[in-house]
Amino acid sequence: MARVTDMTVGNPTKLLVGFALPMMFGNLFQQMYSLVDTLVVGRGVGVNGLSAVGSAGWLDWFFLGNIMGLMQGFMVLISQRFGAEDLKGMRKAVAMSIYLAIAATVLFTTVALLTARPILEILKTPDATIDMSHSYIRIVFMGIPIIVIYNLLASILRALGNSKVPLVAIIIASVMNIGLDVLFVIGFKWGVVGAAAATVTSQLFSAVFCFIAVLRVPQLKMEAEDFRPDWPVMGRLLKLGLPLMFNSFVISVGGLVVQYIVNGFGPVFVAAVTAANRVCGLMEQAGVSVATAAGTFTGQNYGAKKFDRIRQGVNRAMMISVSIAWILGAIVAVFARPIIRFFVEDEPEVVEQVVDMAHPYMLIICGFLWMLYLLYVYRTSLQGMGDSITPFVSGIIELIFRIGIVLALTRFVGEYGVYFAEVSAWAGAAVLLVTVYYFKLNKLCPRGKKSPEAGIEA
């Protein structure tokens, strides 16, 4: 039987850490998909192969991020109704989420496959790598139905306080991915196509594993009545999910513009940024995990109308996140060069060029990692309170800062414009999120006062 966790009672720190740790390991292993692809391709195919995977990176996230944003929005309503002990309403929300996920699958898969090559051309992907990039991303996009299924099921489980099942699924799938990457890329000599095939195959296992777990949750025993179309519930889910999806959309557009600039510096620089971004992707996962725990904690307590408890939990999440960011950033900064060098196997002078270009980027990311972690905590906390508009606006701010900085600075300081664009986007978005969070919370529950008996509808 899959376990659920009620976060409306008990020690907030213990609940947050207990939820975040399994998810942290799960996210780390999920990042292993991209990391192992990068490592095996970089060492098995060379700089051009690594550049090809990197050129497709933001295009991949453009669709994957939209899917994840939509599912995170669905998770908010499910967690709120679970916290309010409205199991019938929770099951209805789950059923309507399934219908919307099916529609999203058809839409995303069709659009992704039709636009992949034209977008790569618009981004001026280097001629030496564009065919490999397209081959890689086309296989990944064929797996979009699997990605939707996994993210929906994992979101449902996490909304009920269960982060352990997604962890186990990802761990096993990551091990599979490593083995298949080595077999397909190095053994069968399939190149970047083999890396993509390994990823999709592994993700299929994750989806099946979570599906079996969901079937074993007593609170999710669905009946025919649950699947009767309910347009108001679908509207509520879309109201929560679409702003988060659009938030990811605008962030991705900024990322694609950055990728356009990066491609203009040539395959070696693309390879350097790709290696650095993969390491940074791993570093982000601790922050994402604590933030997701904070979002689930906030959603359940918002549904239970325990607003003073939200304040306590988010403060704990913030302190945990900043502490982790400082420690992790310091460790990675010290070992940045050997870490980057591990990703590439090519001519010695080419490898050193990659390392020299990636090193300052990683140092800047390490120095400002705490800001990204805070951004995640306050964004998911607002989402848990039912506010999906502010996170969307923060995404627009990220877009403006990311594009503005990269276009302005690269004219004067070259590659460093790319390096500072990312952290500038974090800073701009974080200021808005922190301000709105405290404004809303103080309005719901002024400092020193307990939550009101009557609250907002979950």
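Arg-402 and Glu-398 sit 4 residues apart in helix H15 (residues 389-413), so about one helical turn separates them. Helices here are DSSP runs (H or I, at least four residues), numbered from the N terminus. The two residues form a salt bridge, with the closest N and O atoms 3.2 Å apart. A salt bridge is a side-chain nitrogen of Lys or Arg within 4 Å of a carboxyl oxygen of Asp or Glu.

Arg-402 counts as buried, at 1% relative accessibility. Glu-398 is buried too, at 4%. (Buried means under 20% relative accessible area, exposed over 50%, partly exposed in between; 1.4 Å probe, protein chains only.) Both residues belong to a network of salt bridges that also links Arg-379 and Glu-422.

## Model and confidence

This is a predicted model, in which local features need pLDDT of at least 70 and side-chain atom pairs count only at pLDDT 80 or more, while totals for chains, interfaces and linings use all residues. Residues are numbered from 1 along each chain as its sequence is written, and side-chain values use heavy atoms, with hydrogens and water left out.

The protein chain averages a pLDDT of 85 (the predictor's confidence in each residue, from 0 to 100), and 93% of the residues score at least 70. Confidence is highest in helix H4 (residues 87-122), at a mean of 93, and lowest in helix H1 (residues 12-44), at 74. Over residues 452-458 the pLDDT is below 50. That stretch still has 16 contacts in the model beyond near neighbours in sequence. Contact means heavy atoms within 4.5 Å. Where pLDDT is low, predicted coordinates should not be read in detail.

## Other salt bridges

The count of salt bridges comes to 10. One of them joins Arg-91 to Asp-226, with the closest N and O atoms 3.8 Å apart. This pair links distant parts of the chain. Arg-91 is in helix H4, Asp-226 is in the loop between H8 and helix H9 (231-263), and the two are 135 residues apart. Arg-91 counts as buried at 18% relative accessibility. Asp-226 is buried at 6%.

Asp-356 bridges to Arg-337, with the closest N and O atoms 3.1 Å apart. Asp-356 lies in helix H13 (residues 348-367) and Arg-337 in helix H12 (residues 336-341), so the pair ties together parts 19 residues apart in sequence. Asp-356 is partly exposed at 45% relative accessibility. Arg-337 is partly exposed at 32%.

## Nonpolar cores

The largest nonpolar core has 74 residues. Such a core is a set of buried Ala, Val, Leu, Ile, Met, Phe, Trp, Tyr and Cys residues joined through side-chain atoms within 4.5 Å. Helix H10 (residues 267-303) gives the most to this core, with 18 residues. Ile-310 and Tyr-437 have the most contacts inside the core.

Leaving out residues up to four places away in sequence, Ile-310 touches Phe-297, Thr-298, Asn-301, Tyr-302, Met-385, Tyr-437 and Leu-441.

## A nonpolar surface patch

Leu-204, Val-208, Phe-211, Ile-212 and Leu-215 form a nonpolar patch on the surface, with about 440 Å² of accessible area together. Patches are made of residues with over 30% relative accessible area and no salt bridge; like charges are joined within 9 Å, nonpolar side chains (Val, Leu, Ile, Met, Phe, Trp, Tyr) within 5 Å. Accessible areas come from the Shrake-Rupley method with a 1.4 Å probe, and for residues only the protein chains shown count as cover.

Ile-212 is in helix H8 (residues 191-215). Ile-212 is partly exposed, with a relative accessible area of 39%.
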